Amino acid sequence: MTSTTPDWLAQRGVHLQESKDGRSWLIYFNKEPQYLLMAVPVKGRFGCRITQTINGRRLDSGATYPSVEAALQGGLEELRRALGW
């Protein structure tokens, strides 16, 4: 799955980079990884684990999604709300 950096991140100079496994993404602020989004299986669906890389703090809400792509989009929305953007 190819993902592009959403406008609300790009406007702040933030970059989204997909991992080789296609199930996790790093969000870079000033070329430093700050958040890890990872699609995880949850009861036949997918969740998005959101972890702050500098301290391991979890920001995800536990929501589930029908696909990996939907989990990424949902995770990005959860992160946007958590950051207050």
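Two strands count as paired here if DSSP finds at least two bridges between them. With that in hand, take Leu-16, whose bridge partner in E2 is Ile-27. This is a predicted model, and its sheet is an open one of five strands in the order E1-E2-E3-E4-E5, with antiparallel pairing.

- Strands of a sheet pair through backbone hydrogen bonds, in either a parallel or an antiparallel way.
- In this one, the pairing is antiparallel across the order E1-E2-E3-E4-E5.
- The edges are taken by E1 and by strand E5 (64-65); each has a single partner strand, so one side of each is left without a neighbour in the sheet.

**E1 to E2**
- Strand E1 (residues 14-18) runs antiparallel to E2, and five bridges join the two.

**E2 to E3**
- E2 also pairs with strand E3 (residues 32-42), again in the antiparallel sense, over six bridges.
- Tyr-28 has Pro-33 as its bridge partner in E3.
- This hairpin has two residues between E2 and E3, and Asn-30 in the turn shows a positive phi of about 50°.

**A closer look at Ser-24**
- Ser-24 sits in strand E2, which covers residues 24-29.
- Its relative accessibility is 8%, and the cut-off for buried is under 20%, so Ser-24 counts as buried.
- The Ser-24 side chain makes a polar contact with the side chain of Ser-19, at 2.7 Å.
- Setting aside neighbours within four places in sequence, Ser-24 is in contact with Gln-17, Glu-18, Ser-19, Leu-36, Leu-37 and Met-38.

**Helix H2**
- H2 (residues 68-83) has 16 residues and reaches 22 Å from its first C-alpha to its last, close to the 22 Å expected at 1.5 Å a residue.
- Its buried residues are Val-68, Ala-71, Leu-72, Gly-74, Gly-75, Leu-76, Glu-78 and Leu-79.
- As a reminder, an α-helix has 3.6 residues a turn, so residues three or four places apart point the same way.
- The buried residues of H2 pack against helix H1 (7-10), E1, E2, E3, strand E4 (45-52) and E5.
- Just after H2 comes Gly-84, with a positive phi of about 75°.

How values were computed. Residues numbered from 1 in each chain as written. Predicted model: local features only at pLDDT ≥ 70, side-chain atom pairs only at ≥ 80, totals over all residues. Heavy atoms only, no water. Helix = DSSP H or I, 4+ residues; strand = E, 2+ residues; numbered from the N terminus. Buried < 20%, exposed > 50% of the residue type's maximum accessible area, 1.4 Å probe, protein only. Polar contact = N/O pair within 3.5 Å; in protein donor to acceptor, adjacent residues only side chain to side chain. Contact = heavy atoms within 4.5 Å. Expected span 1.5 Å × (residues − 1).
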